[in-house]
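Here is a short walk through a structure that may be new to you. Keep the sequence and the 3D view side by side as you read.

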Amino acid sequence: MNSKIKIVIVDDEPTNLMLLEALAQEYEPLTFANPLEVVEYLRHSAVDLLITDFNMPRMDGIELLKKAKEIQPGIMSIMITANGEESVRIQALDEGVDDFLTKPYSPSEVKLRIKNRHILRLEERSTQALKEREHEALRILSKTAEYKDPETASHVARVAHYSKLLGRLYGLDKEEQEILFYAAPLHDIGKVGIKDDILLKPGKLDDDEFELMKAHSRVGYEILADAENPYLRAGAVIAQSHHEKYNGRGYPLGLTGEDIPLYGRIVAIADVFDALTSIRPYKRAWSFEEAMELIKSEKGEHFDPVLVDLFVESETQIREIFIRFGAE
Ligand SMILES: [Fe+2]
Ligand SMILES: [Fe+2]
């Protein structure tokens, strides 16, 4: 991992610019006297920290900060203001500035403020790297779950997208939407515990076989249940509850209504809708419209009525996913 952060310093006063450059020299900063050139530079080069004077001709520090954030939302910033520019500081905070230097500043203050940004950025980077590794592990786990399952990888991808969309429409925050996205593909992980002659049977299952197949909810839950990781914990909940029905006629527990965990109610719609629109050894692929009708007709029966309404209302977005991750 690169441990140096990229710093850009902007000041129209050459002496100030040289001083700041000297104070930040260990980071080899880039210096600009003209903020318009900075905007151009940001369009093609990633920058970690923007240190900008407020008072500059052509474009002031606030304008520059606004533009910089538009181009690179993750950029950090320090604004240099003069004493008495209180309203500037308020405006800068409103635009998301991270820190200030007030003229006249001492060299050690400048160095410390830059160092603090440096530490924060490195922390951000390692959190990001950790997250990517976690997502990779989850993808591989999902892939393992799908490996023998006749339901395909694109089924799993669509279920993830439909579930995330439903979560968003329901008002879940970004973090929960992401959890749904990564956990929904684990809904059938328990199929690893189902015998091949049942799992891979080309025709419809008879009653006894279906009873055995039902065990995949419990097995999936057992595999994931003692996890600490929030994605895997959500996966456990989803594995256990994605075949419950709102009217209480589902399995394994026969829960009703909102006793069924929300994630399970969401994935139930996503999973059934996608299974209907996919070809299976024992059935043709239903059309988008036919599947929508079925979902509507199960409102309050198989599915949570509120979620059905949200699903139906956002037909356009559903169709986008349907087409984009379309049938193989
Ligand atoms: Fe299932
Ligand atoms: Fe499924």
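The paragraphs below take up confidence, then the sheet, then the loops, then the helix pairs.

Start with what kind of model this is. The structure is predicted. The mean pLDDT of the chain is 93. A score of at least 70 is reached by 98% of the residues. Among the elements of the chain, E1 has the highest mean pLDDT, at 98. The lowest mean, 91, belongs to helix H8, residues 196-199.

Now find the sheet. In general, strands of a sheet pair through backbone hydrogen bonds, either parallel or antiparallel. Which of these is the pairing here, parallel or antiparallel? The pairing is parallel. Strand E2 (30-32) lies at one edge and strand E5 (99-103) at another. Each of these edge strands pairs on one side only. On average, neighbouring strands of the sheet are turned by 15 degrees against each other, direction ignored.

Look next at one pair of strands within the sheet. E4 covers residues 76-82. Five bridges join E4 to E5, and the two strands run parallel.

Helix H3, residues 61-71, touches strand E1 (7-10), strand E3 (49-53) and E4. The direction of H3 makes about 160 degrees with that of E3. Helix H5 spans residues 107-146 and also packs on the sheet. Which strands does H5 touch? They are E3, E4 and E5. The direction of H5 makes about 170 degrees with that of E5.

Follow E5 to its end at residue 103. A cis peptide bond joins Lys103 and Pro104, with omega about 0 degrees. Pro104 sits in the loop between E5 and H5. Another cis peptide bond runs from Tyr251 to Pro252, and its omega is near 5 degrees. Pro252 is placed in the loop between helix H10 (230-241) and helix H11 (262-277). The phi of Glu28 is positive, near 45 degrees, in a residue other than glycine. Glu28 lies in the loop between helix H1 (14-23) and E2.

The helix pairs come next. Two packed helices are described by the angle between their axes and the distance between the axes. Take helix H6 (residues 153-170) and helix H7 (residues 174-183). They pack at an angle of about 160 degrees, and their axes are 8 Å apart. H6 and H7 are therefore roughly antiparallel to each other. Their crossing is right-handed. H6 brings Ala160, Ser163, Lys164, Gly167 and Arg168 to the contact. H7 brings Glu176, Gln177, Leu180 and Phe181. By class, the residues of this contact are three nonpolar, three polar and three charged.

H6 has another partner, helix H14, residues 315-324. What is the angle between H6 and H14? The angle is about 160 degrees, with the axes 10 Å apart. H6 and H14 are therefore roughly antiparallel to each other. The crossing of H6 and H14 is right-handed. On the H6 side, the contact is made by Arg158, His161, Tyr162 and Leu165. On the H14 side, Gln317, Ile318 and Ile321 take part. The contact of H6 with H14 has four nonpolar, two polar and one charged residues.

Finish with H11 and helix H12, residues 288-297. These helices pack at an angle of about 145 degrees, and their axes lie 9 Å apart. H11 passes H12 in a right-handed crossing. From H11 come Ile269, Phe273, Leu276 and Thr277. They meet Phe288, Ala291, Leu294 and Ile295 in H12. How many residues of this contact are charged? The contact of H11 with H12 has no charged residues, seven nonpolar and one polar.

Definitions and conventions
Residues are numbered from 1 along each chain as its sequence is written. Chains are lettered from A and ligands numbered from 1 in the order in which they are written. This is a predicted model: local features need pLDDT of at least 70, side-chain atom pairs count only at pLDDT 80 or more; totals for chains, interfaces and linings use all residues. Two strands pair if DSSP finds at least two bridges between them. Helices (H or I, at least four residues) and strands (E, at least two) are DSSP runs, numbered from the N terminus. Axes are lines fitted to C-alpha atoms, for helices over the stretch in contact, and angles run from 0 to 180 degrees between N-to-C directions. Two residues are in contact if their C-beta atoms, placed from the backbone, lie within 7 Å. Angles under 35 degrees count as roughly parallel, over 145 as roughly antiparallel, 65 to 115 as roughly perpendicular and the rest as oblique. A crossing is left-handed if the near helix is turned anticlockwise from the far one by less than a right angle, and right-handed if clockwise. Ala, Val, Leu, Ile, Met, Phe, Trp, Tyr, Cys and Pro count as nonpolar, Asp, Glu, Lys and Arg as charged, and the others, Gly among them, as polar. pLDDT is the predictor's confidence in each residue, from 0 to 100.
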